[in-house]
Structure formats: C-alpha cells, structure tokens
Amino acid sequence: EDIVIATLRAIVYQSLDLIELMSQNLDIELKCLKVDGGMAQNNWFCQELANMLQIPIQRPHDVETTARGVFYLAAFGLGWFESLDKIGHLWQMEHQFEPQLSHDIRTERYGRWRHALSLYGL
C-alpha cells in the first residue's frame, strides 16, 4: 500500500512541478484540470491532485477520452464537425474534485518532495 501511495504522490508532485514550470515560463494560470485515462478512475489520486495543484480537477463520464479525442479530430478533418468548439461541447463532467488541503500542509508536503529530489541532485 505504501509503494502505491508513494507512486501516486510522485505523479501528483511531478504534475505540480510541470504546472509551476509552465506558469513561470509561459505565464499560464490554470483554473481547472481535466483528467482522463485509467488513473482518473482513482478518487484518492484525483483528490490529491486537486489538493496539491489547488485547482478543481474534473473527471469526465468517459475516462477513455484519448481514443475518443482521436476520433473527434479525425471526424473534424473529414468535415463531420463544423468547428472544434462543437467537439468541446461533447465533453461531459462526471465529478469535480475541489482542493481541501490547507496551504501549510500543502507547502510542507511539496517541500519534502523538493528536498528528496535535491538529495539525488534533481
């Protein structure tokens, strides 16, 4: 159980690393994050992601949206959809995870992650 939790937390912290890097270098501020794929079915993971990113995490009804997205883009290319906006409206949220972690606990956890990385020169 500890190895699974550590693995999921590492993915959450790596996601936070990437989003912070994007924010600093591209002047992007995320207001929410839509997730899909097998891990998106894990409520604990989605809640931890919301807690650490401090933004809502939205999970769709159909978590296998990667394959669906390929279909939609192909259909758009064939002219079956008149705009990408029409495709975007087909996405339907199943659940939204709101941040529930205090700023102090979040800062402490992320600080431990950054410290652990520094021990290995990362």
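In what order do the 3 strands of the open sheet lie? The order is 1-2-3, and the pairing is mixed. This is a predicted model: local features need pLDDT of at least 70, side-chain atom pairs count only at pLDDT 80 or more, and totals for chains, interfaces and linings use all residues. Residues are numbered from 1 along each chain as its sequence is written, and side-chain values use heavy atoms, without hydrogens or water.

**Fold**
- The chain has 5 helices and 3 strands, taken as DSSP runs (helices H or I, at least four residues; strands E, at least two) numbered from the N terminus.
- Along the sequence they follow α-β-α-β-α-α-β-α.
- The C-alpha trace spans about 55 × 35 × 25 Å along its principal axes.

- Strand 1 (33-34) and strand 3 (93-97) are the edge strands, each pairing on one side only; two strands pair if DSSP finds at least two bridges between them.
- Strand 2 (residues 57-60) runs antiparallel to strand 3, joined by 4 bridges.
- R59 stands opposite H95 in strand 3.
- Helix 2 (residues 43-53) lies across strand 1, strand 2 and strand 3.
- Its direction is at about 150° to strand 2; axes are lines fitted to C-alpha atoms, for helices over the stretch in contact, and angles run from 0 to 180 degrees between N-to-C directions.

**Packing and surface**
- Of the 122 residues, 30% count as buried, meaning under 20% relative accessible area with a 1.4 Å probe, protein chains only.
- Among contacts (heavy atoms within 4.5 Å) between residues at least 6 apart in sequence, 72% join residues at least 24 apart.
- The chain exposes about 8300 Å², with 57% supplied by carbon and sulfur atoms; areas come from the Shrake-Rupley method with a 1.4 Å probe.

Methods: Buried means under 20% relative accessible area, exposed over 50%, partly exposed in between (1.4 Å probe, protein chains only).
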